[in-house]
Amino acid sequence: RQRLRSTVSEEWAEPGLLPQTWSVEMRRFYMTGVGCVTALLFSSIANAHEFSIGALKIDHPWSRATPTSATVGGAYFTITNSGTEPDTLVSAVTDVSKHTEFHMMSMNGDVMKMAKVTEPIVIMPGQKLIFEPNGLHMMLFELKAGLKEGESFAGTLTFERAGSADVIFKVDRMGARAPKVNVPVDNAGDATSHSGLSHDSE
């Protein structure tokens with residue numbers, strides 16, 4: 001056991017805290033892997049963003065890139081209510097569209113339909129409500145210009161109880177699916193998601 005400890009210690013000695021018995025190729029491979037993991041970690045941190053107002057948290061507002069000539073787009077986010085009272089999403093505006101509407105995708109037999117949401121969008125205490133491409137989402141109508149990947153735009157979500165929250169939407173690639181930060185962490189079954197539908201036609 002003493003000899004094993006000595007050998008490990010010698011192998012991981014300086015320089016660079018890498019085993020001296022490793023070849024140059026092995027060292028390069030290891031350092032390249034570390035660099036990639038670090039880059040992915042910082043990329044995930046940079047892509048995740050959230051906004052809070054009152055008891056509500058709006059997590060990672062985002063959108064999809066559109067063709068230059070497109071006049072409509074979609075916007076998505078997650079709302080979490082950590083308070084003790086329900087709240088209602090009343091309206092939304094953005095600086096890239098003339099008006100917005102909340103829509104829902106649904107299947108009627110083999111036919112996919114999209115309809116405007118006319119009922120109040122209520123976020124109950126402890127609930128996490130997800131707006132995503134394959135379910136409940138926000139439509140951007142009369143775009144002032146096409147949405148470009150890598151850019152961002154401002155918006156405001158207004159709630160009945162909490163008031164208005166200014167947020168920033170990040171534009172992802174065309175046809176992008178919901179980022180991992182939008183996947184709900186189960187909170188005693190209170191997460192509300194809409195899955196199994198495609199919204200690529202938007």
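## Briefing: strands, rings and a nonpolar core

Lys128 and Ile130 point one way from strand 8 (residues 128-131), Leu129 and Phe131 point the other way, and all are buried. Here buried means under 20% relative accessible area, exposed means over 50%, and partly exposed is in between, using a 1.4 Å probe and protein chains only. Strands (E, at least two residues) are DSSP runs numbered from the N terminus. In a regular strand the side chains alternate between the two faces of the sheet.

What you're looking at is a predicted model, where local features need pLDDT of at least 70, side-chain atom pairs count only at pLDDT 80 or more, and totals for chains, interfaces and linings use all residues. Residues are numbered from 1 along each chain as its sequence is written, and side-chain values use heavy atoms, with hydrogens and water left out.

- The chain averages a pLDDT of 76, and 64% of the residues score at least 70; pLDDT is the predictor's confidence in each residue, from 0 to 100.
- Residues 32-46 have pLDDT below 50, and beyond near neighbours in sequence this stretch has 1 contact in the model. Contact means heavy atoms within 4.5 Å.
- Residues 181-191 also have pLDDT below 50, but that stretch has 18 contacts in the model beyond near neighbours in sequence.
- Where pLDDT is low, the predicted coordinates should not be read in detail.

**Strand pairing**

- Strand 3 (72-81) and strand 8 run antiparallel and are joined by 4 bridges. Two strands pair if DSSP finds at least two bridges between them.
- Looking across to strand 8, Thr78 stands opposite Ile130.
- Strand 5 (residues 97-108) and strand 6 (residues 111-116) are antiparallel too, with 6 bridges joining them.
- Met104 has Ala115 of strand 6 opposite.
- The hairpin of strand 5 and strand 6 has 2 residues between the strands, and Gly109 takes a positive phi near 70° there.

**Aromatic rings**

- The whole structure holds 5 aromatic pairs. Rings of Phe, Tyr and Trp (its six-membered ring) pair if their centres lie within 6.5 Å; planes under 30 degrees apart count as stacked, over 60 as edge-to-face and the rest as tilted.
- Phe77 and Phe169 make an edge-to-face pair, because their ring centres are 6.2 Å apart and their planes are at 70°.
- Phe77 is in strand 3 and Phe169 in strand 11 (residues 163-172), so this pair ties together parts that are 92 residues apart in sequence.
- Phe77 and Phe169 are buried.
- Phe153 and Phe169 are stacked, because their ring centres are 5.0 Å apart and their planes are at 10°.
- Phe153 is buried with a relative accessible area of 4%, and Phe169 is buried with 0%.
- One aromatic cluster takes in Phe77, Phe102, Phe131, Phe153 and Phe169.

**The nonpolar core**

- The largest nonpolar core has 27 residues, and those with the most contacts inside it are Ile58, Phe77, Ile79, Leu89, Phe131 and Met138. Such a core is a set of buried Ala, Val, Leu, Ile, Met, Phe, Trp, Tyr and Cys residues joined through side-chain atoms within 4.5 Å.
- Elements giving two or more residues to this core include strand 4 (87-94), strand 7 (121-123) and strand 9 (136-143).
- Leaving out residues up to four places away in sequence, Ile58 touches Phe77, Ile79 and Leu157, among others.

**Two loops and a strand residue**

- Thr66 lies in the loop between strand 2 (56-64) and strand 3, and counts as buried at 12% relative accessibility.
- The Thr66 side chain reaches the backbone nitrogen of Leu147 at 2.9 Å, which is a polar contact (a pair of N or O atoms within 3.5 Å; within protein, one must be able to donate a hydrogen and the other to accept it, and residues adjacent in sequence count only if both atoms are side-chain atoms).
- Glu85 sits in the loop between strand 3 and strand 4, and counts as partly exposed at 41% relative accessibility.
- His60 lies in strand 2 and is buried, with a relative accessible area of 6%.
- The C-alpha atoms of His60 and Thr78 are separated by 7.0 Å, although the two residues are 18 residues apart along the chain.
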